Amino acid sequence: MASEVGFGKKLMRIFRTNSIISSLYGFLYSAVVTIAPMFLVIINVVLMSYVLGYSKLNYASRELFTETVLYQFIFSLLLSSPFNAVLSKYTSDLIYLERYEDLWACFFAGFFCQILLASAVGIPFFWREYTVGKVDILFVLVSYWGYIALGLIFYNMIYLSILKDYKKISLFYLAGMGTAFCLGLVFVRVLNWEITFSMLLALAIGYLIAAVLEFALLKRYFKVQSRAYGQVYKYMLQNWKLILANTFYILGLYTHNFVFWTTDLKKVVVNTFVSADPYDMASFLGLLTSITTSVIFIVRVEMYFHGRYRDYSEAVIGGRGRDIRKAQVRMFRQLSGELIELVRVQFIISVVVFLVFLIFLPQFGFSGLIMQIYPCLAAGYFAMFIMYAAIIFMYYFNDMTGALRTSMLFWLATLAGSIVATQLPTIWYGLGLVIGALTAWIYVYFRLRWIERNLDVHIFCKGRLIGTAKGRMPGARVYDRYEKPKEKKRRKHR
């Protein structure tokens, strides 16, 4: 756990000074540590393309490879997300109860759900690629392999987030992508295989190596294993709102892309893959502009809010009414302060990144429609990450209904706004995400205010004095003082 402590303390020292320079330095440090894996994959693909002569291939081959890698990332992330929140919550409960032996039961139960869902969606899609798109069967199988392996990487991150061993995670990606690069050279230069197939196979092997290394790290920390799989599925059924909340949030994250895949910007490859390159690239740049919000938020919550939340919980358990009210006021004051500070810090970072992208990206070929769509999407992702930070506070107060309503509202508003935005000028194409994020933010703000006013009811009136049971409802009359109780007849034993 040394790296966890080191990472946390490092960021705490950086952000504690509350200056612009410290905020920028914290952004750079957290970006290098947390999103380095993503950049390693991108850098590896670029290097392999340059070294192996990818640019000399025909347009159809290059587009098939690009769309395959894009779909692997989008749908492996999309289909691994529904169970993330509920499994993360269950894992936290197990650690709090010190039931470490049940962590592996949680891992394998969630792993089964992940593989089942990914296969249910992936197999029909790749079958269509083979039958309708007439793509070589080996290329299709390797594509499916890479899609499953990448999904396992994202799934492992649920449990690796407990360790917060980000440096080792980055090293695992480095090992996987380094191996992929070397294998790509061997496949093309030594074995004379086709370039796109060699790159795809090398990436799939690299993903698998990274996933196996992540799994080995988990085995190192958690060595005892139980078979309480039924408890995991029961917990997931009890917290179905949490599953749907995370599902709708992830759908909202990609819905605006899917809408523009149906417009004139769309591109169809082998009658299977559909995309809109200018909008998708602008979305990626907008995501990078504010991606560090979650890291900054987690660090500040651990630094400041978590202590106030702990003080309130301890006051509820054994404090006086006056102490409980005082702790509650301090906790919500800290909550408001953290959201305001998050907006301030992330606004500084986003503006700097935005200006850097506008100045330097056109020199690397990012221009035209991409840079016209990008500003609106950058604003949308900024609002979206702030909104999601407020949803995390709902999880603290166990408000699953509010989290579900917020994420559903975000998805529906983003969908409706994106449909309207397709009819607007290019510069407003990202308006759907802005509308969805701001609409959900307004709701979650008033929901948190409602929780603040009704927290006593939420905390003290959720229990039961009498246990519940299933069966036939008893009669309405409980006692009649004029009726003598009937004596029970005793059976005579022969």
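Helices α4 and α11 are roughly antiparallel to each other, since an angle over 145 degrees counts as such. The model on display is a predicted one, and the tour begins with this pair.

**First stop: α4 and α11**

Please select residues 59-80, which form helix α4, together with residues 240-260, which form helix α11. The axes of these two helices come within 10 Å and cross at roughly 150°. Viewed as a crossing, the passage of α4 over α11 is left-handed. To see where the two helices touch, display the side chains of I74, F75, L77 and L78 in α4, and then those of I250, L251, Y254 and F258 in α11, which they meet. The residues of this contact comprise eight nonpolar, no polar and no charged.

**Second stop: α11 and α16**

The contact of α11 with α16 involves 19 nonpolar residues, seven polar and one charged.

Next, select residues 321-360 for helix α14 and residues 431-453 for helix α17. Their axes lie 11 Å apart, and the helices pack at an angle of about 165°. This angle makes α14 roughly antiparallel to α17. The crossing of α14 and α17 is left-handed. On the α14 side, display Q328, F332, L335 and L339; on the α17 side, display W441, L448, I451 and E452, which they meet. The residues of the contact of α14 with α17 divide into six nonpolar, one polar and one charged.

**Last stop: α6**

Finally, select residues 103-131, the 29 residues of helix α6. From its first C-alpha to its last, α6 reaches 41 Å, close to the 42 Å expected at 1.5 Å a residue.

Key: Residues numbered from 1 in each chain as written. Predicted model: local features only at pLDDT ≥ 70, side-chain atom pairs only at ≥ 80, totals over all residues. Heavy atoms only, no water. Axes fitted to C-alpha atoms, helices over the stretch in contact; angles between N-to-C directions. Helix = DSSP H or I, 4+ residues; strand = E, 2+ residues; numbered from the N terminus. Parallel < 35°, antiparallel > 145°, perpendicular 65-115°, else oblique. Left-handed = near helix turned anticlockwise from the far one by under 90°. Contact = heavy atoms within 4.5 Å. Nonpolar A, V, L, I, M, F, W, Y, C, P; charged D, E, K, R; others polar. Expected span 1.5 Å × (residues − 1).
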